[in-house]
Amino acid sequence: MHTPSLSPNASQHATKNAVDLSAASPDSPSVTSTALMTISGLMSSEEKIESGLPATDFTPIHDPASGFQPSLEDLARAAYRGHHYSDAHDFYLESLIQHKISGNSVAIARSLTGLAKTAYRVGQFQESGEYLAEAMPRYQELGDIAGVIRVLENLGQVAYRLEDYTLSQQYYQEALTASRSIEDAESTAWELAGLGKIAYRLAEYEEATIRCEESLAISREREDQRAIADITLCLGRIAYRQADFTRARERYQECLEIQRTAKDSKACAWTLNNLGKAAYRLEDYLGGLTALHEGLELFRIMDDQDGAACILENMAHFAAKMGDIGQAKMWMAESRMLVREIKNSQASAEGRTPPEARITIQDGA
């Protein structure tokens, strides 16, 4: 299989089986067990690599009498699950050195993908891409098609994050061809979703709908609720862009029900924001404001000032439409105060929160 060359603008991503990112950008390709991504929890590149958390015993639970000793990879995985990414990186790096000495190609590839995912988690995209570029020929030499597919997916996601949509599309298309050749339904659904979201970013809404509907059909057949939620959310955004606000609202509501069942508070909060936006366009100001209030409470419980600032600004627009200018000014002032408290020009809806999460940006007046 030919592998597209790794460009400086698209060098990264992590691996499919070892990743459970439930939140990056609200518009990122879905977080499934298939590949590294996130709808709301991706750390920004400005954040430090060190976890800043108290020292933790990462040793997996085991029976001392059995003589079992956790490997460096065991420790790395445990640290990663605990969000101690700096420690996970160190363990994976030590593991990689050991495996290179022993010449274990399978383990080398595995450690490289582990390093890639931890680097991605802390926003070190160039480093993550370098690890993936090193891992790819290992998987190819081993004849591990599934491994090659994972790397291609991850490279596609990295290119997507870096807004190199042409390269991202190339990676996802090649991964899709390979997945279909081995009848891997999970990966096929994942890659179709990725292609759909690229088309969405390019404002090719008909193509985006076709790809996402294909992905959704596979995910429904597999009863993959997480994937269903992700794709219905994307289809909601597509419908919104096409000014089909009723359809968008239906999609968002379906997504929200799944997220509630999964008790994914952060995802719920952002979907409630989307529901509010759709209601705003349908002039259902009371219904939309109710959704935004619920989303705001979730953000406050999570101490997510970024999300709270965004929703408060949207609520201000509702109040203005409802004729309560005084309340609109209060909510707008509170939003701006949160932005100042964060003391980060990348905070709130003006930065880390996607511009389209706001009512007044990219949506018209």
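The protein chain exposes about 16000 Å², and carbon and sulfur atoms supply 51% of that area. Those areas come from the Shrake-Rupley method with a 1.4 Å probe; for residues, only the protein chains shown count as cover.

A word on the source. This is a predicted model, where local features need pLDDT of at least 70, side-chain atom pairs count only at pLDDT 80 or more, and totals for chains, interfaces and linings use all residues. Residues are numbered from 1 along each chain as its sequence is written, and side-chain values use heavy atoms, with hydrogens and water left out.

Now the overall fold. The protein chain has 14 helices and zero strands. Helices (H or I, at least four residues) and strands (E, at least two) are DSSP runs, numbered from the N terminus. The pattern along the sequence reads α-α-α-α-α-α-α-α-α-α-α-α-α-α. The protein chain has 365 residues, and 54% of them count as buried. Buried means under 20% relative accessible area, exposed means over 50%, and partly exposed is in between (1.4 Å probe, protein chains only). Take contacts between residues at least 6 apart in sequence: 60% of them join residues at least 24 apart. Contact means heavy atoms within 4.5 Å.

On to helix packing. Two packed helices are described by the angle between their axes and the distance between the axes. Axes are lines fitted to C-alpha atoms, for helices over the stretch in contact, and angles run from 0 to 180 degrees between N-to-C directions.

Start with H5, residues 145-161, and H6, residues 165-181. Their axes come within 8 Å and cross at roughly 160°. That makes H5 roughly antiparallel to H6. The cut-offs: under 35 degrees is roughly parallel, over 145 roughly antiparallel, 65 to 115 roughly perpendicular, and the rest oblique. H5 passes H6 in a left-handed crossing. Left-handed means the near helix is turned anticlockwise from the far one by less than a right angle; clockwise is right-handed. Which residues of H5 meet H6? On the H5 side they include Ile-149, Leu-152, Glu-153 and Tyr-160. Their partners in H6 include Tyr-165, Tyr-172, Ala-175 and Ser-179. By class, the contact of H5 with H6 has 11 nonpolar, four polar and two charged residues. Ala, Val, Leu, Ile, Met, Phe, Trp, Tyr, Cys and Pro count as nonpolar, Asp, Glu, Lys and Arg as charged, and the others, Gly among them, as polar.

H5 also packs on H7, residues 185-201, at an angle of about 20°, with the axes 11 Å apart. H5 and H7 are therefore roughly parallel to each other. H5 passes H7 in a left-handed crossing. Ile-149, Glu-153 and Tyr-160 of H5 touch Ser-187, Trp-190, Glu-191, Lys-197, Ile-198 and Arg-201 of H7. The class count for H5 with H7 is four nonpolar, one polar and four charged residues.

Look at Glu-191 in H7. Buried or exposed? At 0% relative accessibility, Glu-191 counts as buried. Beyond its neighbours within four places in sequence, Glu-191 contacts Ile-149, Glu-153, Tyr-172, Ala-175, Leu-176 and Ser-179.

Next, Arg-211 in H8, residues 205-222. Arg-211 counts as buried at 16% relative accessibility. Leaving out residues up to four places away, Arg-211 touches Gln-173, Leu-176, Leu-192, Leu-195 and Gly-196.

Further along, H9, residues 225-241, and H10 have axes that come within 8 Å and cross at roughly 160°. That makes H9 roughly antiparallel to H10. H9 passes H10 in a left-handed crossing. The contact includes Ile-228, Ala-229 and Thr-232 of H9, with Arg-251, Glu-254 and Cys-255 among the H10 residues. By class, H9 with H10 has 11 nonpolar, three polar and four charged residues.

Glu-254 sits in H10, residues 245-262. Glu-254 is partly exposed, with a relative accessible area of 24%. Its C-alpha lies 7.4 Å from that of Ala-229, 25 residues apart along the chain. Glu-254 touches Arg-220, Ile-228 and Thr-232, not counting residues up to four places away in sequence.

Last, two loop residues. Most residues other than glycine have a negative phi, and most peptide bonds are trans. His-83 has a positive phi, near 65°. His-83 is in the loop between H1 (72-81) and H2 (85-102), and counts as partly exposed at 47% relative accessibility. Glu-183 also has a positive phi, near 55°. Glu-183 lies in the loop between H6 and H7. Glu-183 is exposed, with a relative accessible area of 73%.
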